[in-house]
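Me: I would like to learn how to read a structure, feature by feature. Please give the general idea each time, and then the case at hand.

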Amino acid sequence: MATYGKLLTASLRYASARCANARVLVNVPLARQRLAKLASSMKRNWISLSVAGAICAVPVAQVDISHEALIKRASSLVTDSANTYLSQTTLALVDSLTQYAKAVRILVALQRRYEASAKKLNSADEEAVWQVIVQKREEVSSRREDCKRYESSWMTATNLSGMAAEAAYNAGADQASVTAQTSLDLAQSQVEQVRKLLLEAEKDLLESKAEDSPRIEPSAVLPEGDEEEEIPDAYLRED
């Protein structure tokens, strides 16, 4: 009897374990279904907007906001990005124009001093001055190319800002539209001021022919060791 009782107890435990496993197996698909429903419910509460190839999710239920409001919000984001791009390109262009004008003025001054005193210099000093002029000519050419590159980016930025301001105005985002237009006007004013200064420098460059004037013939230069005019340190400085 004792042996029979042990067998009966073991059989009941085994049956109970099988039932528990069966409940787990049944609950697994049920849990998956609940997770799927939860994910579907979350997706319905998120509205995805594609802005310049990037996905921006706005966590707001569709029933709580209109298409007009979403467009208005998106137009404000566009003006913010356009203003940032315009600010950076304006800074780059103004800096490149300023450095270009500075290099032009230095080259013109060097060329004029060279023509005025080259015949009074010995060959070694004349060679040193001429090399400075050659280097400055290369710098002027390089900075001119920088100006062209940054100006192309700046023109793109101004066009984007203009379109962003118009889009914001049409969407009813008046404040964003005004901000974008103000930033555009300010950027154009800053660039125009630098361009006026650059025009004067380029006029002097053209008149002096500092980029094209040939080197003075060596026969017109004093041989090394002859009496020569003392050269101020500022003459050989580039700035």
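Reply: What follows goes through helices, a core, rings and charges in turn. This is a predicted model, in which local features need pLDDT of at least 70, side-chain atom pairs count only at pLDDT 80 or more, and totals for chains, interfaces and linings use all residues. Residues are numbered from 1 along each chain as its sequence is written, and side-chain values use heavy atoms, with hydrogens and water left out.

Me: How many residues does H3 have, and what span is expected for H3?

Reply: Helices are DSSP runs (H or I, at least four residues), numbered from the N terminus. The expected span of a helix is 1.5 Å times one less than its number of residues. H3 has 49 residues, and from its first C-alpha to its last it reaches 71 Å, close to the expected 72 Å.

Me: What is found at the N-terminal end of H3, and what comes just after H3?

Reply: Asn122 caps the N-terminal end, with a side-chain oxygen 3.1 Å from the backbone nitrogen of Ala124. Just after H3, Gly172 has a positive phi of about 90°.

Me: Which residues touch the most other members of the largest nonpolar core?

Reply: In soluble globular proteins, nonpolar side chains tend to be buried together. A nonpolar core is a set of buried Ala, Val, Leu, Ile, Met, Phe, Trp, Tyr and Cys residues joined through side-chain atoms within 4.5 Å. Buried means under 20% relative accessible area, exposed means over 50%, and partly exposed lies in between (1.4 Å probe, protein chains only). The largest core here has 31 residues, and Leu97, Val104, Tyr114 and Ile133 touch the most other members. Helices H2, H3 and H4 (174–208) each supply at least two residues of this core. H2 gives the most, with 12 residues.

Me: How is an aromatic pair described, and how many does the structure hold?

Reply: A pair of aromatic rings is described by the distance of the centres and the angle of the planes. Rings of Phe, Tyr and Trp (its six-membered ring) pair if their centres lie within 6.5 Å; planes under 30 degrees apart count as stacked, over 60 as edge-to-face and the rest as tilted. The structure holds 1 such pair. Tyr114 and Trp130 have ring centres 5.5 Å apart and planes at 40°, so the pair is tilted. It links distant parts of the chain, 16 residues apart: Tyr114 is in H2 (residues 67–117) and Trp130 in H3 (residues 123–171).

Me: Is Tyr114 buried or exposed, and what of Trp130?

Reply: Tyr114 is buried, at 0% relative accessibility. Trp130 also counts as buried, at 10%.

Me: How many salt bridges are there?

Reply: A salt bridge is a side-chain nitrogen of Lys or Arg within 4 Å of a carboxyl oxygen of Asp or Glu. The count is 8. One of them joins Lys136 and Glu139, whose closest N and O atoms are 2.8 Å apart. These residues are 3 apart in H3, which means that about one helical turn separates Lys136 and Glu139. Lys136 is buried, at 3% relative accessibility, while Glu139 is partly exposed, at 22%.

Me: Where are the partners in the salt bridge between Glu151 and Arg195?

Reply: Their side chains meet at 2.2 Å, N to O. Glu151 is in H3 and Arg195 in H4, 44 residues apart, so the pair links distant parts of the chain. Glu151 is partly exposed, at 30%, as is Arg195, at 25%. Elsewhere, salt bridges that share partners join Glu126, Glu127 and Arg215 into one network.

How values were computed
Polar contact = N/O pair within 3.5 Å; in protein donor to acceptor, adjacent residues only side chain to side chain.
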